[in-house]
Amino acid sequence: MRLTRRAVLAGLGGIGLMGARGLPSGDPDVVVIGAGSAGLAAAHALQARGLSVIILEAMDRIGGRAFTDTTTFGAPFDVGCAWLHKADHNPYTAYAQANGFELQAHEYDLEKVWLGRQQIDAAQVNDAEHAMTEAISEAEQDIPASLVADVSTPIGEAAGDYLGALDMAVDLDELSTFDYANADDLAPNFLCRQGFGSIVAHRGRGLPVRLSTPVRTVRWDGPGAVVETDAGALRTRAVIVTASTGVLASGGLRFTPELPIATRDAIADIPMGMLAKIPLLMDGRRFGLEPFTDVMLARRGRRDLYFLSYPFATDLMVGFVGGDLGWELSAAGEAAAVDFAKQGLVEMFGSDAAGHVLKGGLTPWASHPWTRGAYAAASPGRFAAREALGQPVGDRLFFAGEALAGGLIQTCGGAWLSGERAALQAATALAA
């Protein structure tokens, strides 16, 4: 079932987006590449400092990896980010509350766990995951987390998959101990009834965004920069780049001259991880689960499947797979992923469970040309790459996004804060 965006686009009617043909006249002080969370934050911050700005967005909507589909399943479904992490410091929390969005606290500890077809005490996996967190955080070198995490038992393997693939979007052998240790404790966590993507879209209202306008080349070989698109070129004094490291590494966005070696190396050292969602619309069957119940099916060989069950009392069971398995199922396609999730229901709830699924889907981030992954994770031994990528280039190019979100890496709220920081960097450079 293709996940649609019609409702989101319909909801943008009052945003004041630019026309479909040509670029706006006039040279802005700053061009922002990307209308995701970081790009929207940068534009707001630049305007607050009296600078003119234009956002160029390759997709046909704003929000980037924050996108709420309201039509496919008859209820809001966050195709991308869903949790407002570290909600007491998240830049979206107060905004959401002030604008009528309904938030619900929801933490991460597992409540129901099956090890194969046998249900076990979820506390065993939670306790193992907490011990693993402590061991990884105390590592004295930036090494693969697999070298310090005890995954020698089925419980340990399940905990490792929950911590790595299902949290950080990479398996433990690809997770940097320093990257993990320097991430903030994300509690408290909130979900939004209307969808986190709806909050982000609401906050983008009124900004000067040019949709369906992928940037092909950024020329910074003269004073300022020239940003080239299929619709024409814009000259600007500075550029804030919020494209994902997956897009940057792919060469989909070119720079002339090439970026410095240190910047290119940093991009390569923060590759994209994968967390894919497999939403299943049920026929009303609940399997004895209350809304928001966290369920995990742990299999040997890192084949684990997590479900957020019936959020906000909808009929959705939202499956999650991450790391190598997430990439594998994304490559196999939607039908294979939905079959995988249905089989998970059968293993947990019995042979007739799959028959209660009305339809399913698969999130597109692995193959999406303007994301090329879910979110970024520094490779083992390369934790310093995040700081390196955050350095301005020639006082004209500035980078932002969830890869540069400090303690809130891999989060939408962190991306917003990184956009504000990049805007401050740019404004300071332009005032010099």
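**Notebook: strands, sheets and helix contacts**

I began at T68, which is found in strand β3 (residues 68–69). The model I am reading is predicted. I looked up the accessibility of T68: at 1% relative accessibility, T68 counts as buried, because the limit for buried is under 20%. T68 and V200 are 132 residues apart in sequence, yet their C-alpha atoms are 9.4 Å apart in space.

**Entry: the seven-stranded sheet**

I traced the strand order of the open sheet of seven strands and read β7-β6-β17-β18-β19-β16-β20, with mixed pairing. The strands at the edges are β7 (118–120) and β20 (357–360); each has a single partner strand, so one side of each lacks a neighbour in the sheet. From one strand to the next I noted an average twist of 25 degrees.

I examined how far β19 is covered, and found seven of its seven residues buried. Both faces are covered: L316, V318, F320 and G322 are buried on one side, and M317, G319 and V321 on the other. I set beside this the general rule that side chains in a regular strand alternate between the two faces of the sheet.

I then listed the pairing of β19. With β16 the pairing is antiparallel over seven bridges, and K277 has F320 in β19 as its bridge partner. With β18 the pairing is also antiparallel, over four bridges, and here Y306 stands opposite F320.

**Entry: the turn between β18 and β19**

β18 and β19 form a hairpin with six residues between them. I looked up the backbone angles there. Y310, in the turn, has a positive phi of about 50 degrees. F312, found in the loop between β18 and β19, has phi near 55 degrees, a positive value in a residue other than glycine. A313 lies in that loop between β18 and β19, and its phi is positive at about 60 degrees although A313 is not a glycine. Is F312 buried or exposed? With a relative accessible area of 13%, F312 is buried.

**Entry: the four-stranded sheet**

I recorded an open sheet of four strands in the order β12-β11-β10-β14, with mixed pairing. Its edge strands are β12 (232–236) and β14 (254–256), each pairing on one side only. Direction ignored, neighbouring strands of this sheet are turned by 20 degrees against each other on average. β11 (residues 225–229) and β12 run antiparallel and are joined by five bridges; T229 stands opposite G232 in β12.

**Entry: cis peptide bonds**

I noted a cis peptide bond from T256 to P257, with omega near -5 degrees. P257 lies in the loop between β14 and α9 (261–268). I noted another cis bond from A187 to P188, with omega near -5 degrees. P188 is placed in the loop between α6 (177–181) and β8 (190–192).

**Entry: helix pairs**

I looked up α2 (residues 37–48) against α13 (residues 412–431). Their axes are 7 Å apart and the helices pack at an angle of about 40 degrees, which makes α2 oblique to α13. The crossing of α2 past α13 is right-handed. In α2, the contact residues are S37, A38, L40, A41, A42, H44, A45 and L46; in α13 they are C412, A415, W416, S418, G419, E420 and A423. By class, I recorded 10 nonpolar, four polar and one charged residues in this contact.

I returned to α11 for its contact with α10 (residues 323–332). The axes of α10 and α11 come within 5 Å and cross at roughly 125 degrees, and the two helices are therefore oblique to each other. L325, L329 and A332 in α10 meet A336, A337 and F340 in α11. What classes of residue make up the contact of α10 with α11? I found six nonpolar, no polar and no charged residues.

How values were computed
Residues are numbered from 1 along each chain as its sequence is written. This is a predicted model: local features need pLDDT of at least 70, side-chain atom pairs count only at pLDDT 80 or more; totals for chains, interfaces and linings use all residues. Side-chain values use heavy atoms; hydrogens and water are left out. Two strands pair if DSSP finds at least two bridges between them. Axes are lines fitted to C-alpha atoms, for helices over the stretch in contact, and angles run from 0 to 180 degrees between N-to-C directions. Angles under 35 degrees count as roughly parallel, over 145 as roughly antiparallel, 65 to 115 as roughly perpendicular and the rest as oblique. A crossing is left-handed if the near helix is turned anticlockwise from the far one by less than a right angle, and right-handed if clockwise. Contact means heavy atoms within 4.5 Å. Ala, Val, Leu, Ile, Met, Phe, Trp, Tyr, Cys and Pro count as nonpolar, Asp, Glu, Lys and Arg as charged, and the others, Gly among them, as polar. Buried means under 20% relative accessible area, exposed over 50%, partly exposed in between (1.4 Å probe, protein chains only).
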